Amino acid sequence: MSARIQDDQRDTDLADAPLDAALRRVWDTPRGVWGALATVDHKVIGRRYIATAFVFLAFGGVLALLMRWQLARPESRVLTPDLYNQIFTVHGTSMMFLFAVPVMEAMAVYLVPLMVGTRNIAFPRLNAFSYWMYLVGGILLWGAFLVDMGPDIGWFAYVPLAGPQYGAGKRVDIWAQMITFTEISALAVAVEIVVTVLKQRAPGMSLDRIPLFVWAMLVTSFIIIMAMPAVMVASTALILDRLVGTHFFNPAEGGDVLLWQHLFWFFGHPEVYIIFLPAVGMISSILPTFVRRPIFGYLPLVLAMVSVGILSFGLWVHHMFTTGLPRLGESFFTASSMAIALPSGIQIFCWLATIWYGRPVYRTPFLFILAFFFTFIMGGMTGVMVASVPLDTQLHDSYFVVAHFHYVLVGGAVFPLLGGVYYWFPKFTGRMMSERVGKWVAGLLFAAFNFTFFPMHVLGLLGMPRRVYTYQLDMGWGGLNLFVSLSAVVLAAGFLLFFYDAVRSARHGEPAGDNPWGAATLEWATASPPPSYNFARLPVVRSANPLWEDDGVLPVAGGLRVDRRELLVTTVGGALPEARESSPRPTIWPLWSALATTALLLGSILTPWAVVWGAVPVTIALIGWFWPGGRKEEES
Amino acid sequence: MKQDVVVDLSDLPMNGSGTASLTWWGTVAFMLIEGTGFALMISVYLYLGSLAPAWPIEAPPPEWGPGTGVTLLLLASLVPNVLLSRWAAARDLRKVRAGLLIMAVFGTAPLVLRVWEFMALDVSWDSNAYGSAVWMLLGLHTTHILTDLLETYVLAALMFTRHADNPRRFGDVQDGAMYWNFVVLTWLPIYACLYGIPRL
Ligand code: HEM
């Protein structure tokens, strides 16, 4: 079947089978250990990223159960106070930095190149590097926790508790370096996504035809780029304070503890939208499939996402209302906290209209969207409540806040994410997840989630503070806490069922075919799972719902080379073809670079000189990475 | 799915240059990240300065000499840098080689002078928050010069190998030159901050 492939062979005159063989020869990741470590295929890395993030979700969930076990009864002695501190810190840190942000980026790493119709993500080697950095950051946090060196300062590590005076030992340094690892990886992925979306879209995919999930990831990536440097600056300053005796946060020498809070929340509030916007994008991309009509209000939805992205930077101070800032400042931030309810409202109405004018099909992904609606609106309402200074003064640091942010995080991000997994699982694996089990998962999680977290509002109003390892019998919180803990067990069972379904379906699920849901976007225009080269010929886009409007015939572009990894660069606005560009081959250097960087960062916890000698292997690895290999990919 | 070839891409160039190059966009994105980092560090400096009863805290303002020298060197380096970028655009290998060597020198010189600039701060990073802020600002920018300089060295070496005569390499040189412009331009607000604010 394989016609001989000459130099500069184009796809134009190849039939399907020889084209597939030729593309496989250049795009397939080699088998074996080397191939696994050297791969730069966005789908392989994306799958790994997603799986790893879900492992961290499960780990974090185990810690949540331990906390609930401890809190089920008053004056319980399951956990020591010190262990409880480590557990809530590692739970929060792990959920935010190792699960929620990475899992959304991971979905994008897999899906965005497919949805925009290209063959690999921009900067595939950076992508490989980013995964290794993420993995090491996760191992660092959990490894430290297992040897009783887990950070114990809360997921936002306020000074002075985290400073050199009170945070003795290496626990805080571990937290701070974990931040460095995860932020480097998050920033790298953000850059890849921005460039993929701006420059690698299929010909004809002008700005008003970009799938909404892709729009969401574009905005999210910009938020990451603007927000994450703040936490890097903060954690670097913290490490310097602890390691070489600087005084950024030391009031005795002209430093300031609130500086930490400003820097952290300048990142931390946008962080909420870094988690939430991708979920919004998932909903907007999934919903049309299950109501069988295009999304209502494409433009308002895009504008809403962009304005949420901008407004999210005007909100950070609302985490600090109780710190006694000037009155005018507080009013400004209350106003902007309320203002962000506006674009959120627009989104909700666009979705409702889409459902209203459509013909809903109640499959599992759609059920998760319904679960999202209810839960997220709840979380939004309590959010507007704590955005007012007097109320926040009452409720700050109480279980009301714990309830609020779990409604937003679990309802606003985890439910859509699970819906997304049910929806795209057939694309990832070629097999469907079980519809029957899926309905149970959705129902169980929704009910148990509300039973677990709703009573926490009440506990907060009754005065129960967050981050306490126990409470006295006569506080009268025992009954509700027991109820919460029992519900948490049911919640865990729901997650377990989900994992069971995913693992079982990956091997034994019903074969899916290219487009099992009859969806409209490009990722469904190729096989499930897609071949290493994604599309045998790059699709050409003529509308916002390409697969619904071309009557089963996919318009494509020809003329690319098949004897090297080649993809298409298009213009930012109209996605007009600009150049055929090569895409890098597999290489082991990103892994070496990640390991060298790890040595530098870990060494720096012990001695500042590690930064100096550690820079040598990092430099060598980077030179190895960027030195041209002299293959056809180099030609121009 | 059935396919229908409607566009022919055969005649497109085999790699993109300028804004059609992915690396160009990547470089811009990284400049955005680092620019945000610098803006934040300057904000930290100003924030701490606004809290302190006197700024600088228990230290004289930094001496003008070495820092101004660094600034002049950096500004002067813009001339060969812009020329280098032009030569790379024209794909003139001989001039690009010469230009990279010149830029290697122009990158090294301010780095050497930096040593004196650190000493001219007249305060240690562990004396007080003022010292911490100025050392971190200056340190961050020095790291910047250093990484770009290493890149220049590597590129210069590369241009003397068989990989040199390739539009891709010239694109790399142009992106490198753009990044150096960024390193110089970000220095100006930092310079104003370090040397101007304490004298207000
Ligand atoms: C799914 C079941 C979950 C349960 C039962 C649970 C339970 C808890 C509990 C009881 C606390 C409060 C600890 C305390 O203040 O004493 C807590 C804190 C927290 N949780 Fe969860 N959680 C769950 C999922 C999640 C998820 C999915 C996320 C994020 C995406 C998350 C993020 C956080 C954060 C950020 C904190 C604050 C940690 C701190 O105070 O530093 N949780 N969780």
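This is a predicted model: local features need pLDDT of at least 70, side-chain atom pairs count only at pLDDT 80 or more; totals for chains, interfaces and linings use all residues.
A polar contact here is a pair of N or O atoms within 3.5 Å; inside protein, one of the two must be able to donate a hydrogen and the other to accept it.

**Entry 1: Arg561(A)**

I looked up Arg561(A) and found it in the loop between strand 1 (553–558) and strand 2 (566–570) of chain A. What does its side chain make a polar contact with? The partner is the side chain of Asp563(A), at 2.9 Å. Is Arg561(A) buried or exposed? It has a relative accessible area of 2%, and the cut-off for buried is under 20%, so Arg561(A) counts as buried. I then skipped its neighbours within four places in sequence and listed what else Arg561(A) is in contact with: among them are Asp8(A), Glu566(A), Arg580(A) and Glu635(A). Met14(B), from the other chain letter, is on that list too.

**Entry 2: around the ligand**

Then I checked some distances to the ligand:

- From an N or O atom in the side chain of His91(A), I got 2.9 Å to a nitrogen atom of the ligand.
- From a polar side-chain atom of Tyr399(A), I got 3.4 Å to an oxygen atom of the ligand.
- For Arg467(A), a backbone N or O atom is 2.7 Å from a ligand oxygen.

I stayed with His406(A) for a bit. It sits in helix 14 of chain A, and it is buried, with a relative accessible area of 16%. Leaving out residues up to four places away in sequence, His406(A) touches His91(A), Gly411(A), Phe449(A) and Phe453(A).

**Entry 3: the nonpolar core**

I wanted the largest nonpolar core, and it has 259 residues. Phe54(A), Phe99(A), Met107(A), Phe264(A) and Trp424(A) have the most contacts inside it. Helix 4 of chain A gives the most to this core, 22 residues. Where does the core lie relative to the two domains of chain A? Domain 1 (362–468 + 475–512) and domain 2 (595–636) both give residues to the core, so it lies between them. The C-alpha centres of those two domains are 41 Å apart.

Most residues other than glycine have a negative phi, and most peptide bonds are trans.

The bond from Ser528(A) to Pro529(A) is cis, with omega near -15°. Trp55(B) and Pro56(B) are also joined by a cis peptide bond, with omega about 0°. I found Pro56(B) in the loop between helix 1 (22–51) and helix 2 (64–89) of chain B.

Asp397(A) isn't a glycine, yet its phi is positive, about 60°. Asp397(A) is partly exposed, at 37% relative accessible area. Ala575(A) also has a positive phi without being a glycine, about 55°. At 0% relative accessibility, Ala575(A) is buried.

Conventions. Residues are numbered from 1 along each chain as its sequence is written. Chains are lettered from A and ligands numbered from 1 in the order in which they are written. Side-chain values use heavy atoms; hydrogens and water are left out. A nonpolar core is a set of buried Ala, Val, Leu, Ile, Met, Phe, Trp, Tyr and Cys residues joined through side-chain atoms within 4.5 Å. Buried means under 20% relative accessible area, exposed over 50%, partly exposed in between (1.4 Å probe, protein chains only). Helices (H or I, at least four residues) and strands (E, at least two) are DSSP runs, numbered from the N terminus. Domain bounds come from an automatic or database domain assignment. Contact means heavy atoms within 4.5 Å.
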